[in-house]
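Subject: Structure handover, with notes on a helix pair and the cavities

Dear colleague,

Please find the structure below, followed by notes on what was found in it.

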Amino acid sequence: MHNDHALVEARLDRFVRDHLTPALYRDARPLAATAWAVEREPVPFATAVEQQFDPVPLGWRWGRAWSTVWLRVTGEVPAEWLPQPPEGTRIEVLVDFGYNRSRSGFQAEGLAYRPDGTLIKAISPLNSWLPVAPGEKAIDVLIEAAANPDVAGEYTFDPTPYGQWETAPDEPLYSLAQLEVALRDDTVWELLQDIWTLRGLMAELPEGSSRRHEILRALEDMLDVLDPEGIPGTAAAGRAALSIALAKPAHASAHRVLATGHAHIDSAWLWPLRETVRKCARTFTNAMSLMDEYPDFVFSCSSAQQYRWMKDHHPQVFDRIREKVAAGQFSPVGGMWVESDTNMPGGEAMARQFIAGKRFFLDEFGVECREAWLPDSFGYSAALPQIVAAAGSQWFLTQKISWNQFNKMPHHTFWWEGIDGTRVFTHFPPVDTYISELSGKELAHAERTFSEKGRASISLVPFGWGDGGGGPTREMVAAARRTEDLEGSPTVVIGTSAQFFTEAQAEYPEAPVWRGEMYLELHRGVFTSQLRTKQGNRRNEALLRQAELWAATAALRTGLPYPAAELEQAWHTVLLLQFHDILPGSSIAWVHREAEQRHAAVSAALEAIIEASLAALAGSPAEGEGVPLVVNAGPFAREGVPALGAGPYEAAVLAGGHPAVTATEAADGATVLDNGIIRAVVDARGHVTSLIAHADGREAIAPGAPANVLRLHRDLPNLWDAWDLDQHYQRTVTELLEVDERRVRATDREASVITVRRVGRSLIEQRLILRAGDTALEIENRIDWREREKILKLAVPLDVHAEQIAAETQFGHLYRPTHTNTSWDAARFEACQHRFVHLGEPGYGVAIANDSTYGYDVGRDTRPDGGTTTTVRFSVLRAPLFPDPESDQGEHLLRFRIAPGATIGDAVALGYDLATPLRSVRGAAPIAPIVTSSDPAVVIETVKLAEDGSGDLVVRLYESRGGRARTTLTLDGTAATIVSTDLLERELPGEPGGEGASIELAFRPFQLRTVRFGEVSAR
């Protein structure tokens, strides 16, 4: 036989395009529309339905960016379609807002209501129909149409005016291109699904495959029997021609796919938070309409915040979700408040993602999610396995690692081990997408790339349009049914995430182990973009810790009502703003301006809680009476003030007993700062040429390479501006050496060297500050940043032979090499820290803390004298142009502290000190700590009252230095019960417990523990 497959395929594609698809609807009649334009922010149905609607014609241009138009669509169902539509047909309303149908979303979207306010279904580019119930004579539908702009366009990453309401153009973006009531031919629709599945499968089979040619000939036979002028009359014959090819069962060894309906809905990204609320309503309504039609359809949905939005703003949708969860079709997954970033949130915040999420699902649905579900976050912290397990979950799913630039993840199903040794069973779907449409190409890719062949046989495929929501369509469900048992294809069964993990773990219990972080070799710029958003997060994480500590202490000691509702609201806001396109800085301007405003409001609320709690604890002396108190919310004693307590100011000063700080000018123009603990030499350019701790007398700064050198790099990513930092940035650098102003200020308590630099249109003022009693030199940076497409780094070269760098992560730290021996090491040219890094060699180390900087890089060089210089460079500011062309413009304040001769324990304390400054209040008496830990290696991270409102005291603590430890946790009072719990404050059988005032606890390296004191009587 001659090889004519290319000709047959071309014939097929054209026939489907020119004849079959146009025949999907046998008949269509126009409908009328009236419209009401909302002035700006969306309004509920009850408000819209009361407005005056004006007639609009077909072709009407509508929709300034981010605006809303309500359409009322009316008309009559043709009499010949009544009382029931002709056999094999159904009646639908077709809507086209002038879509670009080459993509599934990122355009106008609509949600359709009946006149009584009940929901029908949503409208989007590839799902733009509405059902009409059989027997319904008149059509009367209201559509809330959102004019969301296509911000990304063709992903050329050009600066866009569409990122804010204020900068978006006024011109309408859309047109009313189609508005009809139509008669769908069910047989033609089914035939189109048959063809789509077989055509996709055929394209993935080998050229020499008998099955490929069998499908080709079946499709050719179908084309022969179809009459292009009579498609409705011959469609059944066309289906019959394909029936044998579709009926052939899959091979016994075929890869197995569990497909779960899904709609990855970014809680904000190229649209504001308020739009996500509507995206959720539209997507969930669509998903539930599929559930009504297909009882076996299952939809997996994460993010408790999105359910909460439905409860608050769309109770009708939420009530339906309750019903579908109870029926087993709507499946909550993930157990988190949002699909957050996992690199930058602090330890307690990461824990609260699971606490808040799992509590919501348990309270509202009686469902406990057993998997963490993070398909799209930008890399995964090495601390996450322990946090997942501590929340009572056992599985983890991600997809994003398939985006790696250089190295392919070696496993798809594996055990992931965290910094403390905890392991969670993990799956990385080989389909390499979380928005599958169950195409032949995707299914073949899943089987072809699956790394566990021969040991395991099943993978998971999340299917449904996503990022901007939309979710599964009826065409996708049809594809799943056709590939349930189809020769040449993986077998597909629709089910839940829990069903997949249960089966996968039973099949493959001895899966390989991946240890440590899952670093994403892409999107490295997100550790730096949108500094103000990151600073708001860091600030409020610290304030939440303080507010809970003092509120809990005050509640137990004074009876002051514990502000549980206010604290929960603050946490929910912070957790929302840790979403993986908000905290990383990769959203439009609207999102980040709102994030800054919300963070400011949270800060104000928390400060009020702290002030009220401290006033209750310290007493309220009459004006002019009482004593000044120094308040220490940190986990380590400072200035004679105990951790988690407050002491008299005079006692703190006396306990310090520190000599005065001196600032001496040297002949070469340098300034020598000395406080008797450390000595720093700052040259005429503001660079640190020497830094010595008097205790050991060793020089920390590398010879010939001063510290505090600002480096300005060109920052032009190949793609994904706000996200990516490409390695070629390192090859274009300007060191900022010139100083426009320099001055010295000194008192007995503090001395500083101040330098001012003008760089382009930017102004950088640095203050190098040494205070009495401090073990670290502070570098304060006040920057008026006006650069574009640049990144500013701060370099600290150290005379330390460091094989690795310790970088803080949640509840501990991890080590990363300072070399690039392997491709994995070389790809990690920008990494994430929390509050500190530590560089050390046996017997010596240097700690560097920061107040809001996450990104850094590190390298090591050998000097001509044979010594080793290890340099860490902190990423201070970026200036990408997309999606926010004004990203990071304006004034900023950042701080670093460098401590020579520091241990890893010193680094932990330095990070907490900078994050939790001492406070002063006036009070009648000192405040004793409500709890203490006897071992300084075991850090008390959280002190709060129990989530259930019982008044029990909950303490969270962890081993911070990477070693084994034993501590006595002592309560200032007594408790009827003391129990170890999981993160949800449920007792853990077999773990330490007791009663009274204290409990002995043993810790493995970086172990996290939660202890609950019941029925507390505080002193």
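Helices here are DSSP runs of H or I with at least four residues, and strands are E runs with at least two, both numbered from the N terminus. Please keep in mind that this is a predicted model.

Cavities

Counting those of 30 Å³ or more gives eight cavities.

Which element gives the most to the lining of the largest cavity? That is α14, with six residues. The lining is made up of 25 residues, and those nearest the centre of the cavity are Gly-346, Gly-347, Glu-541, Arg-835 and Glu-941. Besides α14 (531-558), the elements giving two or more residues to this lining are the helices α9 (347-365) and α19 (904-915) and the strands β36 (804-809) and β46 (938-945). By class, the lining of the largest cavity has 10 nonpolar, seven polar and eight charged residues.

The second largest cavity is lined by 16 residues. Closest to its centre are Glu-109, Ser-124 and the run Gly-468, Gly-469 and Gly-470. Three elements supply at least two lining residues each: the strands β7 (109-113) and β8 (119-123), and the helix α6 (273-293). Of these, α6 gives the most, with four residues. The lining of the second largest cavity divides into four nonpolar, nine polar and three charged residues.

Helix pair α1 and α4

Helix α1 covers residues 5-20 and helix α4 covers residues 210-225. Their axes lie 10 Å apart and the packing angle is about 45 degrees. The crossing of α1 past α4 is left-handed.

On the α1 side, the contact is formed by His-5, Val-8, Glu-9, Arg-11, Leu-12 and Phe-15. On the α4 side, the residues met are Arg-212, Leu-216, Arg-217, Leu-219, Glu-220, Met-222, Leu-223 and Asp-224. Taken by class, the residues of this contact are seven nonpolar, one polar and six charged.

Regards

How values were computed:
Residues are numbered from 1 along each chain as its sequence is written. This is a predicted model: local features need pLDDT of at least 70, side-chain atom pairs count only at pLDDT 80 or more; totals for chains, interfaces and linings use all residues. Side-chain values use heavy atoms; hydrogens and water are left out. Axes are lines fitted to C-alpha atoms, for helices over the stretch in contact, and angles run from 0 to 180 degrees between N-to-C directions. A crossing is left-handed if the near helix is turned anticlockwise from the far one by less than a right angle, and right-handed if clockwise. Contact means heavy atoms within 4.5 Å. Ala, Val, Leu, Ile, Met, Phe, Trp, Tyr, Cys and Pro count as nonpolar, Asp, Glu, Lys and Arg as charged, and the others, Gly among them, as polar. On a 1 Å grid over the protein atoms alone, a cavity is a set of points where a 1.4 Å probe fits but cannot get out, and a pocket is an open set with protein on both sides within 12 Å along at least five of seven lines; lining residues have an atom within 4 Å of a point. Grid points are joined across faces, edges and corners, and a volume is the space filled by probe spheres set on the points.
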